[in-house]
Amino acid sequence: MIPRCADLASDVLTHTYDDMFNPPGLTNFLGTAQVDHDIVAIRSVNFPPFSHGDCITGQLYVDGRLVRSYGGVVEVLWRPDHVVRSTTVDDLTLRTVTACAPGRPAVVVQLELTGVPGRTVELGFALASTATGADGGWSQYLPPSEPNTLHEVDGRVLGVGESGSAVSLQGLDVPSELDRAMLRTTVVLDDQGHGQLSYVHVLARDLTEAEDHFTVCASDVASVLAVAEGVWDMALADAFDPDGDGFSGSLPVLETSNEALRKLYWWGVLGVIWFRRDNPASVLGRAYDTLMPRHWATTTFIWDYSLSSLTHALLDPEPMRKHIEHWIDLDIHEHFGTEWLTGGPVGQWYSVNDFAMTRLVRDYVRFTGDSGFLKTAVGEKPVAEHLTDWATAWRGLRGKHALADYGGIDNLLECVSSYVHEVASFNAANVWCLRVAAEITGNDDLRREGDELAGHVKELYIDGAGHWNARQPDGELIPVRHCYDFNIIGTTIAADLSPDQRAEMVAFFQSELQTPTWMRALSPYDADASFSLRPDHQWNGAYPAWPADAGRALIALGRPDILIDWLPGLARSANQGPCGQAHFVEEGAPLLAGGARKAPPQDPYLIDWACSSSGAWVALVLEGIFGVEVALDGAVTAGPQLAALDPTARLRGLRIGGTTYDVTADGIRIGEPDVEGE
C-alpha cells in the first residue's frame, strides 16, 4: 500500500494555552510555517530568501476578547497537506484549516464558525510582521528578521522594514478594516448557523509580487487547499514509483498486516520527504533541510543526513551525490553542515563527520551501484582516497593513549558534559571505517589496524555493567551511561564483543534506557543526568534516530525479540506527524494520545517540531527487520526477522543498482520486471 495524506494524519491532539505542546509545522517544499496555540495564528513563516523569523501573527479575537485567553481546549489534527485546529468559545465553535500554498510563498487559513443562526460575530486578527530578505546565507539557528511598520494597502496589511528587502502582505478574503495592528471584520451566521472567511499571509520581495500571490490565493482558498492535498499525494506516490518525476530514485512498497511495522516505515519515509526543498534560491539545487520549522532553516547537517543515509540513497541519490561532493570540497573538519542559499559552511566541526561521510559514500555506492563514483576526482584526489583519509583521520586526534580524543562538549552531544574526549562510540566507528576503507582499497593493513583498534576500544568497557567509560586526557575513566555508545558499538563492532559483553549491554539497555513507548538517551542513574533538560540527548527523552538505531543494535547483539516486542509502543509515538527533534519519555512528560510526546521549543528544551534523521526508521525496517545486506560489489542477501512479527510481510520493488528485488520471510529474490521491461 502506498500512503496518501489521510493515511498519515496524526491522532487528534489536545492542548490548552502554552501546554507542553509543540504546534505542527507545514511545508510546500519552498519554505515552512508553523501553526501556533491560537486556532488562526501562524509563526515561523519563512520562504527563503525571505524570512519572518519566529514572528507570531494572526492571533484571533472574538467579540473583542483574545480567544486563547479563554483557556479552552484546542484540538489539533496534522496532515502533510494541512493542519486542522478547533475549539469552542462562548457557544461558538471555531475550526480552521491551514496550509502552505503550493508553489507560492504564502500560507492560507480557512476559518469556519458555527453557532446560533443569525448571530453577529465581531472578529479581530492581531497582526505582526518582521519580514526581511536574505543578505548572504542563513548561518544562525533562527532565521533573520527585522522590525516592520504596518500599512493598509487596498484593504490588506503591508509589513515592511527599513531595509526594504522583503514585505509581508496579510489580509482576509472578506471586507475588513485596520485598527492599528488589528484587522477587524464582522460575520453574520447564516440560517444553518454557519459562517466562513479566510486569512492569507504572503512573504515576498516587494508589494507587486506579494499582491500577485495574495490575489490568487484569496480568490479561492478552497482550491488552494485541494491543490495542496494533490501535491502531497503525488509526492508520496512518487516516493515509491521508480518512474515518477518527484525523485531520482524510489523506495520499496511495504506490504504487511502489522500496523506497527507499517506506521514506523511510513514515519521514516515521510520524515525525509518532509525536508525536501526545491527552492529556486538554492545554489545547490534540491536540498534537504535538517530541522523545521523554527531552527536552522536552509541548513543541512552532515550528521543527520547520514542518519537517513540509506533512505537518501534509495529515494533521491542525485542530490545525495551532489551534497557528498560539496562537503568534500569544503573540508568536513571545518563545519557541521552547509546552508543552501550560498552553499557556505555552517557551525563548528562535529566529531561524527568522518564516520558520517564514510557511511554516506558507502550507502550511495551500494544502493545505486555507482562504483565509478569511488574513482571520481573531487578536489585533488578520487573519492576512495578521501574515504581512506576519513578512516584514518582519528590517528591525528590521539593524545597519550591509543584512541582518538574527540574534544569537548560542542563537538559531541552538546548537552552531556561527561561525554567528551575518548568516547567509545566514535572510536568504534573508526574500526568500522577502517574496515570499509580496506574493503574498497583492498589494503589489508587497514583491516589489521581496525582489528587492533577494536581491542583498544574494548579497554573502555566496564565489566559487568553493560556500558562504557569516556577516557579523559589525564587518563581518568568516567563512566557514561549513554545510548550513543550502545547504538554505535552495537551497529559497528558487535561481532568483536564477547557473548557476555553483548548480553550485558542488552541488559543495561533494557533496565536503564528502554521505556514502553520511547527511550532515554542517558540513564537517569548517570551522574550527568542533572546537567541538562534538553531531551534529545538526556535522561528525559531521545533524538528520533536513537530508538531506530537501538533497534538495529539489538538485532546485531542477538536480541531481535526485544525489538519486536517494543515496536507497538514505538509505533504509538508516530501519532503526532513526522518525528520531532526529541520525544519525551513517560517520566519526562505525559503521553500525548498514547504516544511519546514531542518536546516543545521553549527553554529549557529548545526542540524543533520535526527532524530529518527520521530516515533511520527506514533503515531499521530494511536492514534490521528485513535483514537486507548489500555489499559494495552489489551482492544482495537478506536475513529477515519476521517470524514473530508478520510472516506474510513483503518488501516489493527494492531497487539496488539496476535490479529490482522483493523481500519476504523466506529471503530475497529478483522481483517481477517493470512493465517497460517486459
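How many salt bridges does the structure hold? The structure holds 37 of them, a salt bridge being a side-chain nitrogen of Lys or Arg within 4 Å of a carboxyl oxygen of Asp or Glu.

## Basis of the model

This is a predicted model, in which local features need pLDDT of at least 70 and side-chain atom pairs count only at pLDDT 80 or more, while totals for chains, interfaces and linings use all residues. Residues are numbered from 1 along each chain as its sequence is written, and side-chain values use heavy atoms, with hydrogens and water left out.

## Domains and nonpolar cores

The protein chain is divided into domain 1 (7-231) and domain 2 (240-664), with bounds that come from an automatic or database domain assignment. The centres of the two domains, taken over C-alpha atoms, are separated by 36 Å, and the contact between them (heavy atoms within 4.5 Å) takes 38 residues from domain 1 and 39 residues from domain 2.

The largest nonpolar core has 198 residues, of which Leu 94, Leu 123, Phe 125, Tyr 265, Trp 546 and Phe 626 touch the most other members. Such a core is a set of buried Ala, Val, Leu, Ile, Met, Phe, Trp, Tyr and Cys residues joined through side-chain atoms within 4.5 Å, where buried means under 20% relative accessible area, exposed over 50% and partly exposed in between (1.4 Å probe, protein chains only). Helix H9 (residues 424-441) contributes the largest share of this core, 11 residues; helices (H or I, at least four residues) and strands (E, at least two) are DSSP runs numbered from the N terminus. Because domain 1 (7-231) and domain 2 (240-664) both give residues to this core, it lies between them. Apart from it lies another core, of 21 residues, including Ala 106, Val 108, Ala 204 and Ala 228.

Arg 321 and Glu 325 form a salt bridge whose closest N and O atoms are 3.2 Å apart. Both residues lie in helix H6 (residues 317-330), four residues apart, which is about one turn of the helix. Arg 321 is partly exposed at 23% relative accessibility, and Glu 325 is likewise partly exposed, at 22%.

Another salt bridge joins Glu 449 to Arg 395, with the closest N and O atoms 2.7 Å apart. Glu 449 lies in helix H10 (residues 444-457) and Arg 395 in the loop between helix H8 (383-392) and H9, so the pair ties together parts that are 54 residues apart in sequence. Glu 449 counts as buried at 17% relative accessibility, whereas Arg 395 is partly exposed at 36%. Asp 496 and Arg 435 also meet through their side chains in a salt bridge (2.9 Å, N to O); Asp 496 is in the loop between helix H11 (483-492) and helix H12 (499-513) and Arg 435 is in helix H9, so this pair ties together parts that are 61 residues apart in sequence. A network of salt bridges links Asp 36, Arg 43, Asp 54, Arg 68 and Arg 294.

## Aromatic pairs

The structure holds 30 aromatic pairs, which are rings of Phe, Tyr and Trp (its six-membered ring) with centres within 6.5 Å, counted as stacked when the planes are under 30 degrees apart, edge-to-face when over 60 and tilted for the rest. The rings of Trp 267 and Trp 617 have centres 5.4 Å apart and planes at 45 degrees, so the pair is tilted. This pair links distant parts of the chain, with Trp 267 in helix H3 (residues 259-273) and Trp 617 in helix H15 (residues 616-625), 350 residues apart. Trp 267 is buried at 3% relative accessible area, and Trp 617 is buried at 0%.

## Two buried polar positions

Ser 168 lies in strand E17 (residues 167-172) and is buried, with a relative accessible area of 0%. Its side chain makes a polar contact with that of Ser 129 (2.7 Å); a polar contact is a pair of N or O atoms within 3.5 Å, of which, within protein, one must be able to donate a hydrogen and the other to accept it, and residues adjacent in sequence count only if both atoms are side-chain atoms.

His 537, in the loop between H12 and strand E32 (541-542), counts as buried at 7% relative accessibility. Leaving out residues up to four places away in sequence, His 537 touches Leu 413, Cys 415, Val 416, His 482, Ala 521, Leu 522, Tyr 543 and Trp 546.
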